[in-house]
Amino acid sequence: MAAESALKFEALEAQATALLEIFRRAGYEQVAPSIIQPADIFLDQIGESIRSRTYVFTDLAGDELCLRPDLTVPVSRLYLERHPSADRPARYCYNGPAFRFQPDRRNQAHPREFRQAGIECFGEMDREGADVEIVLLAVEAVRSAGLKKFRLRFGDIALFYALLDALSLPERWRLKLSHYFWRPPVFHALLARLASGERPNGDGPVMALADRLAGLPSERAEELVGAYLEGNDLPLSGNRSLSEITARLLDHAADLRADPLPREVATVIDYYLAVSGPPQEAANRVAMIAKGAGIDLGPALYALVRRFERLEASGIDLSAGTFATEFGRDLEYYSGLVFQIEAGGERDADQIAGGGRYDGLLCHIGAPREVPAIGSAIHTERLLAAVERGS
Amino acid sequence: MAADLSIAVPSKGRLKDEASELFERAGIGLRKSGHERFYRGALDGLDGVEVVYFSAAEIVHQLKAGRVHLGVTGEDLIRETLGDVDGSVEFLRPLGFGRADVVVAVPDCWIDVDSMADLEDVAAQFARAHGRRLRVATKYMNLTRRFFAGHGVTGYRIVESAGATEATPAAGTAELIVDITTTGTTLRANHLKVLEDGLILKSQAHLFASRATSWDISAIKLRDAILTRLKP
């Protein structure tokens, strides 16, 4: 175990001071959220994939706590603590440690104790403006630290949801596909299954019950399911209600009778998720796919294109950048534009900074209304290493 | 270590009794020596072997750290505890006792759920309806994570359970469990059912060798002697 938390302490401190100065000048108030956080919020929002890399512990009072694995959730909590009704915009910046277990042994680029310098913007109703502002500020920050060669990578979660909304799909499949968007290997298997028209296994008493439910109003269906549970000595437990169990059986029943997902629809989704290239070109490609499918991606696509235009107008060269429809599928709280600043070669690209829009998160941690939110964090150790390598 | 080879044996419960019987039958009975409170002993008729008694869970750590040459413990504990199983221990011999299946079990009223794939669908539905993830009660956190990840199930969180795991769904502190079962009676009594593809591990006690300790000629000879005697 390293005896020192940060190698190159002085260089990192100097870099952080300069980054924070840029953020503060841009109107971001410096905050210092707690390092020790309640584990609940992280586990409920981010799930086990992060837990397996989070230092979780129980204190003497029996509370389950963690060392923060990132700063977005802690800063969001801080915003809600200061503004419980979440009714005003706020811009915060920070620099401090975050902690993640590194299963494949630690190395310089992936220490288990690392620092993040970042910005978060809450409650700004002009989403387009805030998106552009955050990307520009993140780029300005890494540039001023001395990073010369880097690439921008973008994704847009909202555009995928717009695609699903525009396609003609039964609601139960739309929900399923949007859920499995975050699990790419399962997603493709699911899409193939829906398109092949494979039906659920039609045997057994439960499927017979589902068959009887088909087309019934949900109250009547619930009565039947309730009677079935009672008759078979299956008392309700495990916190799922009768209506939840019934709803899934009704979906089964609908799937038993459903026509397969039209091959064209599956193809449109596949084509869409294969799009990757320079941002403007990729956006045009998405527009062509939509046109070919006879659907209108409307405001979502227009919004994306306008963001790219405004970034270019502000002097960002996007020609070396990438927009990939698949990008951003690993952190479930993202809801819109996501981006990453990378340095190094194509193959061994180092993620220097990342960020994105997460409009749903604050509601989940207690805000009384949806709060537009977007932020970005810089891995300062990696930034310093890249600058020293001369990137 | 004064002895040429050390072997860790469970210090309590069914595993201890079954291990004692096993060595007894093999003609190398466990003999407690000297000060019994030090939890040390020897093997009858096999000089140079030191027997040390630990809990089954602690034996895993002793093997990993290389503080013993051999150890008798459950495969479930080995796979749960060690990050690098094959790099840490060698499976020398399954011992035919301590059998237990580690399984995923859900309330039997979930008639819409048969498989792990159903579980991920339910996780999505549950998050929409309740604003939180499904909770899985277990003491097998790592086995659970790996198995769920392998099945593409991610919409859950683990709540650690030290005991009476099977009662947590009825108590409302978890929605489902990962636990060991031998006959399934306890699960059924608690209105739980095992998912069709929910068998995580068929576990039993094994004799393990540590890869983290030094194996000189005399240790290897004693290991082979024990293995020969233990031949079924």
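Analyst: This is a predicted model. In chain B, strand β1 (residues 5-10) and strand β4 (residues 46-54) pair in the parallel sense, over six bridges.

User: Which residues stand opposite each other in that pairing, say for Ala8(B)?
Analyst: Ala8(B) stands opposite Val52(B) in β4(B). Further along the pairing, Leu5(B) has Val49(B) as its bridge partner in β4(B).

User: And how many bridges join β1(B) to β5(B)?
Analyst: Two bridges join β1(B) to strand β5 (residues 70-74) of chain B, and these strands run parallel. On this side Ala8(B) stands opposite Gly71(B), and the bridge partner of Ile7(B) is Leu70(B).

User: Is β1(B) buried or exposed?
Analyst: Six of the six residues of β1(B) are buried, so the strand is largely enclosed by the rest of the structure. Both of its faces are covered. Leu5(B), Ile7(B) and Val9(B) are buried on one side, and Ser6(B), Ala8(B) and Pro10(B) are buried on the other.

User: What about β5(B), buried or exposed?
Analyst: Five of the five residues of β5(B) are buried, so this strand too is largely enclosed by the rest of the structure. β5(B) also pairs with β12(B), in the antiparallel sense and over five bridges. Within that pairing, Gly74(B) stands opposite Ala205(B).

User: What is the strand order of the whole sheet?
Analyst: The sheet is open and has seven strands, in the order β2-β3-β4-β1-β5-β12-β6 of chain B, with mixed pairing. Its edge strands are β2 (30-32) and β6 (89-94) of chain B, each of which pairs on one side only. From one strand to the next, the twist averages 35 degrees.

User: Which helices lie across it?
Analyst: Helix α1 (residues 13-25) of chain B lies across β1, β2, β3 (40-43), β5 and β12 (205-210) of that chain, and runs at about 130 degrees to β1(B). Helix α2 (residues 56-65) of chain B lies across β1, β4, β5, β6 and β12 of chain B, at about 140 degrees to β5(B).

User: Changing topic: what does chain A look like overall?
Analyst: Chain A contains 16 helices and twelve strands. Its C-alpha trace spans about 70 × 60 × 45 Å along the principal axes. Of the 391 residues in chain A, 40% are buried. Among the contacts in chain A between residues at least 6 apart in sequence, 72% join residues at least 24 apart.

User: Which residues touch the most other members of the largest nonpolar core?
Analyst: That core has 84 residues, and those touching the most other members are Ala138(A), Val142(A), Leu159(A), Ile352(A) and Ile378(A). Helix α5 (residues 127-144) of chain A contributes the largest share of the core, nine residues. There is also a second, separate core of 40 residues, which includes Ala210(A), Ile245(A), Val103(B) and Ala123(B).

User: What is Ala138(A) in contact with?
Analyst: Apart from its neighbours within four places in sequence, Ala138(A) is in contact with Ile341(A), Ala353(A), Gly355(A), Ser376(A) and Ile378(A).

User: Leu159(A) was also on that list. Which residues around it in α6(A) are buried?
Analyst: In helix α6 (residues 157-166) of chain A, the buried residues are Ile157(A), Ala158(A), Leu159(A), Phe160(A), Ala162(A) and Leu163(A). The buried residues of α6(A) pack against β7 (151-156), α12 (263-273), α14 (298-313) and β10 (337-343) of chain A.

User: Finally, how many residues does each chain give to the contact between chain A and chain B?
Analyst: The contact takes 28 residues from chain B and 28 residues from chain A. On the side of chain B that touches chain A, the elements giving two or more residues are β7 (100-107), α5 (116-130), β9 (156-160) and α7 (168-171) of chain B. Of these, α5(B) gives the most, with five residues.

User: And by class?
Analyst: The side of chain B that touches chain A has 13 nonpolar, seven polar and eight charged residues.

Methods:
Residues are numbered from 1 along each chain as its sequence is written. Chains are lettered from A and ligands numbered from 1 in the order in which they are written. This is a predicted model: local features need pLDDT of at least 70, side-chain atom pairs count only at pLDDT 80 or more; totals for chains, interfaces and linings use all residues. A residue is buried if 20 or more other C-beta atoms lie within 10 Å of its own, exposed if 12 or fewer, and partly exposed in between; C-beta atoms are placed from the backbone. Helices (H or I, at least four residues) and strands (E, at least two) are DSSP runs, numbered from the N terminus. Two strands pair if DSSP finds at least two bridges between them. Axes are lines fitted to C-alpha atoms, for helices over the stretch in contact, and angles run from 0 to 180 degrees between N-to-C directions. Two residues are in contact if their C-beta atoms, placed from the backbone, lie within 7 Å. A nonpolar core is a set of buried Ala, Val, Leu, Ile, Met, Phe, Trp, Tyr and Cys residues joined through C-beta atoms within 7 Å. Ala, Val, Leu, Ile, Met, Phe, Trp, Tyr, Cys and Pro count as nonpolar, Asp, Glu, Lys and Arg as charged, and the others, Gly among them, as polar.
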